[in-house]
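Here's a quick briefing to read alongside the model. Have the sequence and the 3D view open as you go.

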Amino acid sequence: MPAAVFALGMSEQIGLPIRDWLGKAPFFWFQAVLATAVLWITQVFFRRGRASIRSRSPNMWLLIAIGTGAS
């Protein structure tokens, strides 16, 4: 799913005018639905990262949560 979001976002850079084919509004909503699904799938990282902060024991889960949130 993240690859699909990336492919849609970068499609114009490689010469595929997907936004022109779909139209601006449907293209936006398609990206929004895919990005929401990615956030839903990665919520486990955020929960475990929050638990690391609460226990004052930073670990790899916190690092993954920060990286996921930044991306």
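What covers the buried residues of α5 includes α4, with contact meaning heavy atoms within 4.5 Å. Keep in mind that this is a predicted model, where local features need pLDDT of at least 70, side-chain atom pairs count only at pLDDT 80 or more, and totals for chains, interfaces and linings use all residues. Residues are numbered from 1 along each chain as its sequence is written, and side-chain values use heavy atoms, with hydrogens and water left out.

**Helix α5 and its two sides**

- The buried residues of α5 are Leu62, Ala65 and Thr68; buried means under 20% relative accessible area, exposed over 50%, and partly exposed in between (1.4 Å probe, protein chains only).
- Those three cover an arc of only 130° around the axis, which puts them on the same side of α5; the arc is that of the directions from the helix axis to the C-beta atoms.
- Helices here are DSSP runs (H or I, at least four residues), numbered from the N terminus.

- Arg56 sits in the loop between α4 (43-54) and α5 (60-70).
- Arg56 isn't a glycine, yet it has a positive phi of about 55°.
- With a relative accessible area of 77%, Arg56 is exposed.

- Ile14, Leu16, Trp21, Leu22 and Phe30 make a nonpolar surface patch of about 560 Å².
- Patches are made of residues with over 30% relative accessible area and no salt bridge, and nonpolar side chains (Val, Leu, Ile, Met, Phe, Trp, Tyr) are joined within 5 Å, like charges within 9 Å.
- A salt bridge is a side-chain nitrogen of Lys or Arg within 4 Å of a carboxyl oxygen of Asp or Glu, and accessible areas come from the Shrake-Rupley method with a 1.4 Å probe, where for residues only the protein chains shown count as cover.
- Leu22 belongs to helix α2 (residues 18-22) and is partly exposed, at a relative accessible area of 43%.
- Phe30, in helix α3, is partly exposed too, with a relative accessible area of 42%.

**Aromatic pairs**

- There are two aromatic pairs in the structure; rings of Phe, Tyr and Trp (its six-membered ring) pair if their centres lie within 6.5 Å, with planes under 30 degrees apart counted as stacked, over 60 as edge-to-face and the rest as tilted.
- The rings of Phe28 and Trp29 have centres 5.2 Å apart and planes at 75°, so this pair is edge-to-face.
- Phe28 counts as partly exposed at 48% relative accessibility, while Trp29 is exposed at 55%.

- Ala35 is found in helix α3 (residues 24-41) and counts as partly exposed at 31% relative accessibility.
- Ala35 and Phe6 are 29 residues apart in sequence, and 9.7 Å apart in space, C-alpha to C-alpha.
- Ala32, also in helix α3, is partly exposed with a relative accessible area of 24%.
- Between Ala32 and Val5, 27 residues apart along the chain, the C-alpha separation is 8.9 Å.
- For Phe30 and Val5, 25 residues apart along the chain, the C-alpha atoms are separated by 9.0 Å.
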